[in-house]
Amino acid sequence: MKRRKFLKNSSTITAGILSAPILASCNEATSTKIAKPEAGKKNIPIAICTWDFGNATAKAWEVLKKGGSSLDAVHQGVMVEENNLDNQTVGNGGRPDRDGKVTLDACIMDKDANCGAVLAIENIANPISVARKVMEETPHVMLVGKGAEQFAYEQGFKKTNLLTEKSKEEWLEWKKTSKYKPIINIENHDTIGMLAIDKNGDISGACTTSGMAYKMAGRVGDSPIIGAGLFVDNEVGGATATGVGEEVVRTVGSFLIVELMRQGKSPQEACEEGVKRIIAKNKDKQDFQIGFIAVNKKGETGAYCIHPGFSYRTYTNDGHANNTANSYLKA
């Protein structure tokens with residue numbers, strides 16, 4: 001039963017590990033300097049995503065340029081990386097948990113605050129598509145684990161072995177020591193979070209990941225949690241996060257950034273405050289990375305991180321570029 005129909009009837013959610021997949025994902029993308037929009041001019045349509053996933057923003061821009069919705073843009077954009085077997089941090093081919101199982105997380109949110117998410121889903125190559133089905137075809141926000149998987153089959157998704165030979169070999173090598181220590185910007189995991197504004201000025205967002213490599217079975221980070229890994233308010237803007245998800249969850253980071261923009265802060269100021277809130281809760285621990293990106297209703301963007309090294313992609317009428325985010329700590 002579709003969500004709207006349901007509601008109506010009843011009443012009336014260890015060093016080259018990261019760099020290689022990111023570089024592989026961008027081999028077809030171009031990079032040019034982005035011109036700042038003129039004062040008062042709206043910089044829309046726009047697509048923006050975490051990290052240098054140029055092929056993903058290119059796909060999103062293709063949708064936007066044809067007049068498509070921001071929802072379709074972010075959906076199709078992040079799917080590029082879910083289907084990229086060279087990217088071992090997202091979707092099919094992602095690194096497994098410590099038991100050798102690939103579990104995926106994703107969420108999506110539209111201009112009307114409709115949202116859907118799947119957590120710890122197995123055997124489904126495109127969790128973002130299942131998340132959208134949760135949003136559009138059920139009265140719920142989140143489906144988890146086996147329930148999410150069963151729902152996917154009911155919606156026509158095919159069972160897929162997500163553990164590629166490369167990821168399996170790396171997992172077997174890891175098992176020899178079974179030690180896990182995050183490295184800055186190479187935390188054995190990553191996320192693609194994407195925001196878009198279409199020609200109508202409507203904002204949507206999507207976020208998808210395979211989570212931390214070799215995580216404990218059942219672990220879920222911030223990525224599929226609405227308000228933590230992703231949040232959109234069509235009156236204000238949107239934000240999404242990457243990095244160690246546990247720390248983003250503790251501050252409900254993406255919601256915080258959107259609320260700060262509602263209070264008048266620019267996307268850049270809001271991202272900086274979001275990182276500082278996390279730093280304040282980790283005064284004696286800064287050996288991890290968090291990165292935020294944000295966009296407001298005008299198409300103005302912001303990005304900020306704890307350690308140097310985080311970048312983000314933007315695509316607008318002025319060009320396609322990989323941008324280096326400012327950081328709280330300096331090199």
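Biologist: How do you know that the span of helix H4 agrees with the number of its residues?

Modeller: Please bear in mind that the model is predicted. Helix H4 covers residues 70-82, which is 13 residues, and at 1.5 Å a residue it should span 18 Å. The C-alpha atoms at its ends are 18 Å apart, so expectation and model agree. Helix H10, residues 267-280, may be treated likewise: for its 14 residues 20 Å is expected, and the distance from its first C-alpha to its last is 20 Å.

Biologist: Which residues of H10 are buried, and what do they pack against?

Modeller: Pro-267, Ala-270, Cys-271, Gly-274, Val-275, Ile-278 and Ile-279 are buried in H10. The buried residues of this helix pack against helix H8 (245-251), helix H9 (253-262), strand S9 (290-296) and strand S10 (301-305).

Biologist: What makes S4 and S12 edge strands of the sheet?

Modeller: The sheet is open and consists of 8 strands in the order S4-S3-S2-S6-S5-S1-S11-S12, with mixed pairing. Strand S4 (142-144) and strand S12 (319-324) each have a single partner strand, so one side of each lacks a neighbour in the sheet, and they stand at the edges. From one strand to the next, the twist averages 10°.

Biologist: What lies against this sheet?

Modeller: H4 packs on it, touching strand S2 (104-109), strand S5 (191-197) and strand S6 (203-209), and the direction of H4 makes about 155° with that of S5. Helix H5 (residues 127-137) lies across S2, S3, S4 and S6, and runs at about 135° to S3.

Biologist: Why are S3 and S4 said to pair, and in which sense?

Modeller: Two strands count as paired if there are at least two bridges between them. Strand S3 (residues 115-121) and S4 have 3 bridges and pair in the parallel sense. Leu-119, for instance, has Val-144 in S4 as its bridge partner.

Biologist: Why is S6 described as largely enclosed?

Modeller: Of the 7 residues of S6, 7 are buried, so the rest of the structure largely encloses this strand. Burial holds on both faces: Ile-203, Gly-205, Cys-207 and Thr-209 are on one side, and Ser-204, Ala-206 and Thr-208 on the other.

Biologist: How many bridges join S6 to S2 and to S5?

Modeller: S2 and S6 run antiparallel and are joined by 5 bridges, with Ala-106 opposite Thr-208 in S6. S5 and S6 also pair in the antiparallel sense, over 7 bridges; here Leu-195 has Gly-205 in S6 as its bridge partner. S5 and S6 form a hairpin with 5 residues between them, and Gly-201 in the turn has a positive phi of about 85°.

Biologist: Which residues of strand S8 are buried, and on which sides do they point?

Modeller: In strand S8 (residues 237-243), 7 of the 7 residues are buried. Gly-237, Ala-239, Ala-241 and Gly-243 point one way, while Gly-238, Thr-240 and Thr-242 point the other way. S8 is joined to S9 by 7 bridges, and the two run antiparallel. S7 and S8 pair in the antiparallel sense over 4 bridges, and a hairpin joins them through 3 residues.

Biologist: Why is Tyr-315 called buried?

Modeller: Buried means under 20% relative accessible area. Tyr-315 has 19%, so it counts as buried. Trp-61 has a relative accessibility of 8%, and therefore Trp-61 is buried too.

Biologist: What makes the aromatic pair of Trp-61 and Tyr-315 stacked?

Modeller: The structure holds 4 aromatic pairs. In the pair of Trp-61 and Tyr-315, the centres are 5.0 Å apart and the planes make 5°. Ring centres must lie within 6.5 Å for a pair, and planes under 30 degrees apart count as stacked, so the term applies. Trp-61 lies in helix H3 (residues 54-65) and Tyr-315 in strand S11 (residues 311-316), so the pair ties together parts that are 254 residues apart in sequence.

Biologist: Why are Trp-174 and Tyr-214 also called stacked?

Modeller: Their ring centres are 4.7 Å apart and their planes stand at 20°, so this pair is stacked. Both Trp-174 and Tyr-214 are buried.

Definitions and conventions
Residues are numbered from 1 along each chain as its sequence is written. This is a predicted model: local features need pLDDT of at least 70, side-chain atom pairs count only at pLDDT 80 or more; totals for chains, interfaces and linings use all residues. Side-chain values use heavy atoms; hydrogens and water are left out. The expected span of a helix is 1.5 Å times one less than its number of residues. Axes are lines fitted to C-alpha atoms, for helices over the stretch in contact, and angles run from 0 to 180 degrees between N-to-C directions. Contact means heavy atoms within 4.5 Å. Rings of Phe, Tyr and Trp (its six-membered ring) pair if their centres lie within 6.5 Å; planes under 30 degrees apart count as stacked, over 60 as edge-to-face and the rest as tilted. Buried means under 20% relative accessible area, exposed over 50%, partly exposed in between (1.4 Å probe, protein chains only).
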